[in-house]
Amino acid sequence: MASITSASSSLQLAYQWFLACRGLHTKCKIFQKAPKWSPTRLIDVGMVGEKEWKLHIPSEASTTFYSYMTLSYRWSDVPSIQLQTSNYVSFLSGNPIIELPLTFQDAITVCRCFSIRYLWIDCLCIQQDSILDWEVESATMCDVYANSTCNISAIASASPNGGLFRSRNPSSLNPRIVQTSAFDSKVDTFHAIDEGFWERNVTRTTLQQRGWVYQERLLAPRTLHFTESQIFFECFESKKCEQYPLGIPLSNPRRNLFDLFQRRIDYPKPGQDLHVSEDASLEINNTWLALASGYSSCALTYPSDKLVAISGLAHAFRERTRDGYLAGLWKSSMPQSLCWQTDVPARQKPEVYRAPSWSWASTDASVRWVHNMRKESGGKNELCSVIDAQTFVGSEDPTGIVTGGFIVVEGITLKGRVKRYHRDGSTDSNRMSIFFPGCNSGISNHDAEYSHSNEYGWYMTRDWVDVVCLPVMLNEKPKYLRLGSSGYSIRGLVLRAVMTKEENEGNGGKCAGDEGELEQLDHLDYVRIGLFFVFNGEQLNDAGLDFDVESKSIKTLDGGVPKRERIRII
């Protein structure tokens, strides 16, 4: 093994991985479009020995399809070079490679080593001073990465100036050998394997925790990761590195999303409707929720990019399922997917509106779904129904920027009041107590019972806030958690009334609901401020309701059917 990752032996090994994948792996071709597709613009890196690069427009050339590579890297706070109106012509004419940031220069070296003449880099291929061009090109991210021949990942670099290649001590990468007689009488030789090897070197790195990079790795058919110590390779069928060139032990290939669609969806013949089975819909939606959860913890330079930076993945799902996309959620997954929660509440309201309050994309906090979506006979695990759902977008891309939206939900509404938890004198907790009119129990009896996650601390301007609780889902608890209870838990949305203007659906609403106004808010819209949990029937009694085990439904204390209301959540 060479002492630097730019050595010809290292790059040739990576090239052999690339050739084997491209020639033999059928799963790694599923994402690619047919007929073959090219981005609007590409960088022509030239031939080995040439000193200039130039901008290339495939649609203006005699050949419209080109093999190209892509680059995933961390932007700098002040980019040194970008495609703009003022330099567009000079980019077409050509510029010295030596004037590019070092990471871009090294990416050109890799392209030439792989005999790939074209490279796609976002800041050089998207016009950065044109909002229109940015909107158009950002809507093609799924195709840009899915149709690339290979993605280059600059994991070791903190900026475009950091470069791809690193010096190293080759002996430190030798596999660890252990000799032991612990398993029988003779001494055997074993390789000591680090189970977190891949995660530590690739997945949990700073670059892979960037929002835009999250989808780039998932969409590209294959990726070369240039780390501090060695080159890693991954595709939909294998993971390799210089230390383990035949495959990394205890490391499974990354999930092939397109393989998921291929196996689970019966694609129609021309003129026929698409059919997605219920089981397939559940698996696809659960996969999306897992991806959204992972993405929500990623960092974005511009938080307003929250939905745009995952729109490539959304395009992939939408194109293959033809489901309705609603600000980070899917129509077929509602109302179950509304039950997301945060571990730590957001400290302030986003400066720029980007999603309705019922969408996980509306908060800067990381989110998760405690339970996977599941199939229940007759939909009995759903305690409310979504009557209407709409989002308003700021461009022609339905997965891009959202300017407003709402859902109309029909269900049981429980009016109550929320009390902040106080821990060691602090009022910053995301745990709260919910009280209902006529309930005489003290806070100590309800702190653990009504678990309320507060995602939006800026709505909690005082200790007491009037709210409406909307039961959404019924979940069966594991047997070991039942302990004589009904065996079911209920989760739902905690909502607060707001005053809104019809002509401005995306303003987030002005808070209403001061003390004494509880009975005057029925005509107003609502925003989500958290998620609540109910763990046994006795807790529902405080709200004048009870849980019926046989019908798996909520009833009044005298056995009647509670009134259901329609409310609009924005």
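**Figure 1. Close-up of the salt bridge between D466 and R417.** D466 is buried, with a relative accessible area of 5%, where buried means under 20% relative accessible area, exposed means over 50% and partly exposed lies in between, computed with a 1.4 Å probe on protein chains only. The side chain of D466 meets that of R417 in a salt bridge with an N to O distance of 3.0 Å, a salt bridge being a side-chain nitrogen of Lys or Arg within 4 Å of a carboxyl oxygen of Asp or Glu. Because D466 lies in strand β23 (residues 464-476) and R417 in strand β20 (residues 414-420), the pair ties together parts that are 49 residues apart in sequence; helices (H or I, at least four residues) and strands (E, at least two) are DSSP runs, numbered from the N terminus. R417 counts as partly exposed, at 28% relative accessibility. The model is a predicted one, in which local features need pLDDT of at least 70 and side-chain atom pairs count only at pLDDT 80 or more, while totals for chains, interfaces and linings use all residues. Residues are numbered from 1 along each chain as its sequence is written, and side-chain values use heavy atoms, with hydrogens and water left out.

**Figure 2. Close-up of the salt bridge between R354 and D364.** The two side chains meet at 2.4 Å, N to O. Both residues belong to the loop between β16 (341-342) and β17 (367-368), where they are 10 residues apart. R354 counts as buried at 5% relative accessibility, whereas D364, with a relative accessible area of 40%, is partly exposed.

**Figure 3. Close-up of the salt bridge between E234 and R217.** By the rule given above, the count of salt bridges comes to 12. In one of them, the side chains of E234 and R217 meet at 2.5 Å, N to O. E234 lies in strand β10 and R217 in helix α8 (residues 211-219), so the pair ties together parts that are 17 residues apart in sequence. Both of these residues are buried.

**Figure 4. Close-up of strand β9 and its partners β6 and β10.** Five of the five residues of β9 are buried, so this strand is largely enclosed by the rest of the structure. R222, L224 and F226 point one way from β9, while T223 and H225 point the other way. Strands β6 and β9 run parallel and are joined by three bridges, two strands being paired if DSSP finds at least two bridges between them. S153 has H225 in β9 as its bridge partner. β9 and β10 pair in the antiparallel sense over five bridges, and they form a hairpin with four residues between them. Within this pairing, F226 stands opposite I231 in β10.

Figure 5. The 17 residues of helix α1 (residues 8-24) should span 24 Å at 1.5 Å a residue, and the end C-alpha atoms are 24 Å apart, which agrees; the expected span is 1.5 Å times one less than the number of residues. S10, L11, A14, Y15, W17, F18 and C21 of α1 are buried. They cover an arc of only 160° around the axis, which puts them on the same side of α1, the arc being that of the directions from the helix axis to the C-beta atoms. On the other side of α1, S8, G23 and L24 are exposed.
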